[in-house]
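Reader: I am new to reading protein models. Could you walk me through one, a feature at a time?

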Amino acid sequence: QVQLVESGGGLVQAGGSLRLSCAAAGSTLSTYAFGWYRQAPGEQRELVAGRNSAGSTNYADSVKGRFTISGDNAKNTVYLQMNSLKPEDTAVYYCKLVLRSQNGATYTHWGQGTQVTVSS
């Protein structure tokens, strides 16, 4: 059974940086696509950054130029580098991985979420 393990969240001052990681434990499948989402209290979950199966990336306007999404297929691990953090980036961050089997079937998994708090 595949389990996504997130790490890297925490408390940081405005202007600081954090790097989130999300590893797919127990998986023998390849990473097909992935993304990072966040949800602030009282708000809906929103896409922060994503990479599709073609390798193209997209970012929410609010994080463009500050956040970078990347992945290591060999480790089935994806990352979100967050620089120049702002208090409005405070939220629980979730990773989503789409894994693909050799026969082409895809499976979507979500991480448990990691808290990011940016103080002013």
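Predicted model: local features only at pLDDT ≥ 70, side-chain atom pairs only at ≥ 80, totals over all residues.

Reader: What counts as a strand, and when do two strands pair?

Author: Strands are DSSP runs of E, at least two residues long, numbered from the N terminus. Two strands pair if DSSP finds at least two bridges between them. Here β3 (residues 18-25) and β8 run antiparallel, joined by six bridges. Strand β7 (residues 67-72) also runs antiparallel to β8, again with six bridges. On that side, T68 has Q81 as its bridge partner, and G71 has V78.

Reader: What lies between β7 and β8 in their hairpin?

Author: Four residues lie between the strands, and N76 takes a positive phi near 50 degrees.

Reader: In what order do the strands of the open sheet stand?

Author: The order is β1-β3-β8-β7, four strands with antiparallel pairing. β1 (3-7) and β7 stand at the edges with a single partner strand each, so one side of each has no neighbour in the sheet. From one strand to the next, the twist averages 15 degrees. (Axes are lines fitted to C-alpha atoms, and angles run from 0 to 180 degrees between N-to-C directions.)

Reader: Is β8 mostly covered or uncovered?

Author: Mostly covered. Five of the six residues in β8 (residues 77-82) are buried. Buried means under 20% relative accessible area, exposed over 50%, partly exposed in between (1.4 Å probe, protein chains only).

Reader: How do I read a salt bridge?

Author: Side chains of opposite charge can pair when their charged atoms come close. The rule asks for a side-chain nitrogen of Lys or Arg within 4 Å of a carboxyl oxygen of Asp or Glu. By this rule there are four salt bridges.

Reader: Which residues does D89 bridge to?

Author: One is R38, at 3.0 Å, N to O. D89 lies in the loop between β8 and β9 (91-100) and R38 in strand β4 (residues 30-39), so the pair ties together parts 51 residues apart in sequence. D89 and R38 are both buried. Another is R66, with the closest N and O atoms 2.8 Å apart. Salt bridges that share partners join R38, E46, R66 and D89 into one network.

Terms used
Residues numbered from 1 in each chain as written. Heavy atoms only, no water.
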